[in-house]
Amino acid sequence: MSTFQGPKGTYDLIPPDSEVFLAVREALAAPLRRAGYGYVETPAFEHTPLFARGVGESTDIVTKEMYTLTTKGGTELALRPEGTAAVLRAALQRNLHRGGLPVKLWYSGSYYRYERPQAGRYRHFSQVGAEALGAEDPYLDAELILLAVEAYRSLGLRDVRLLLNTLGDANCRPAYRAALQEFLRGLDLEAIDPDGDTRRRIEINPLRVLDDKRPAMRALLEGVPLMRDHLCQECKAYHEQVRDLLGAAGVGFEDAPALVRGLDYYTRTTFEFVHDGLGAQSAVGGGGRYDGLSELLGGPSLPSVGWALGVDRTVLALQAEGVTPQPPSPVEVFAVPVGEQARRVLFGVLTELRRAGVAADFAYGGKGLKNAMKSANRSGARLAVVAGERDLADGVAQLKDLDSGEQHPVALDALITTIKEKLQ
């Protein structure tokens with residue numbers, strides 16, 4: 001056992017569990033790639049003000065959960081707690097917005113927040129995300145939601161629910177903000193807000209109070225004003241279009257008029273995917289429209305929409321439903337040599353197979369036939385190539401189907417071609 005252990009609230013991905021995570025990542029990303037989204041990758045750390053400005057100074061992410069550091073030169077950096085601000089920064093910096101719009105991007109990686117570790121909530125976590133930058137179009141909002149639904153369905157998940165809301169825009173939000181503040185300022189918060197965090201949120205961004213999950217606070221919010229009752233006509237029409245497009249595509253959703261999510265940049269369409277089998281950490285993904293974020297980061301007007309889906313939470317949702325995704329086997333052919341001469345010959349065959357694009361492995365360590373065949377079966381390979389001195393003297397190797405158990409000799413000079421044909 002090592003002297004060192006991983007930091008609290010983190011985890012290691014090792015086989016075979018890591019194969020499930022890879023399968024989930026690939027399934028979440030596949031619909032995006034088919035829909036014209038290009039891959040983007042940003043650094044694991046950014047300048048701290050990017051997140052303070054982009055995510056919101058009133059959020060728990062910025063005030064309590066960011067991992068920050070100061071370089072020797074005095075620069076303040078933070079490990080990325082979410083993906084959108086960094087992706088938008090990269091797009092603006094590289095002038096992607098000066099080409100055709102929308103700019104459609106997807107990404108995958110680890111993110112970091114200092115939180116109380118529990119099932120489904122870690123201090124580093126994995127997400128697949130997507131952003132469509134530069135178009136204010138309800139069809140784009142609907143597209144991203146449908147792509148997420150497609151990804152969950154492809155994994156075999158059936159109990160994921162879609163919650164949908166709208167947060168209005170710069171035209172109708174101010175009047176709602178004033179009505180919400182008036183209501184919240186009238187609440188008796190002495191017992192549940194001893195540190196004053198909630199009262200500070202009321203003044204900075206009162207919508208964040210609606211995201212408070214504490215039962216005592218939920219009780220106080222009974223009768224709170226809702227954004228849907230303060231929407232302007234343009235926002236109402238936009239939201240109805242999104243709802244109609246989802247309905248026409250056969251996607252069910254639940255109206256969630258108090259849904260605001262945990263970030264300050266959202267406008268208009270806001271949504272969340274939840275799975276009731278996960279307990280308190282029920283959200284498996286979510287996102288929304290953020291039409292003013294580009295200006296906050298010093299860029300031009302660039303109305304945008306995006307989402308992030310949690311790989312960790314999706315794996316937990318699969319476990320809750322008893323669904324096991326079947327990742328492709330990393331090995332298609334396993335070479336089993338018996339004797340030193342066979343080791344040299346089959347190692348050459350192994351190399352040629354890999355050069356031909358066939359995933360292949362080898363019984364290393366000079367194992368006997370019985371142990372080597374056990375390794376072949378554990379590898380998940382479809383075929384085993386077995387050869388000993390007698391086989392080599394005859395100019396053949398034995399090709400064995402590990403599913404059916406059928407085995408027959410194949411001439412060494414025809415072995416690569418025969419294997420490729422059988423795999424096809």
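This is a predicted model: local features need pLDDT of at least 70, side-chain atom pairs count only at pLDDT 80 or more; totals for chains, interfaces and linings use all residues.
I'm calling a residue buried when its relative accessible area is under 20%.

**Tyr-111 and Phe-125**

I looked up Tyr-111 first. Its relative accessible area comes out at 3%, so Tyr-111 is buried. Phe-125 has 11%, which makes this residue buried as well.

Next I ran a search for aromatic pairs over the whole structure, and it gave nine. Tyr-111 and Phe-125 form one of them: the ring centres are 6.2 Å apart and the planes meet at 35 degrees, so I have the pair down as tilted. Tyr-111 belongs to strand S5 (residues 103-112) and Phe-125 to strand S6 (residues 124-133), so to speak two distant parts of the chain, 14 residues apart, linked by the pair.

**Other rings and charges**

I checked Tyr-111 for charges as well, and found Arg-80 over the face of its ring, 4.6 Å from the ring centre.

**Helix H7**

Which residues of H7 are buried? In this helix, residues 197-204, I get Asp-197, Thr-198, Arg-201 and Ile-202. Looking down the axis of H7, I see these buried residues within an arc of 145 degrees, so they line one face of the helix. That brings to mind the general rule: an α-helix has 3.6 residues a turn, so residues three or four places apart point the same way. I then looked up what covers the buried residues of H7, and the list includes helix H3 (60-65), helix H6 (173-185) and helix H8 (215-220).

How values were computed. Residues are numbered from 1 along each chain as its sequence is written. Side-chain values use heavy atoms; hydrogens and water are left out. Buried means under 20% relative accessible area, exposed over 50%, partly exposed in between (1.4 Å probe, protein chains only). Helices (H or I, at least four residues) and strands (E, at least two) are DSSP runs, numbered from the N terminus. The arc is that of the directions from the helix axis to the C-beta atoms. Contact means heavy atoms within 4.5 Å. Rings of Phe, Tyr and Trp (its six-membered ring) pair if their centres lie within 6.5 Å; planes under 30 degrees apart count as stacked, over 60 as edge-to-face and the rest as tilted. A charge sits over a ring if NZ of Lys or CZ of Arg is within 6 Å of the ring centre and within 35 degrees of the ring normal.
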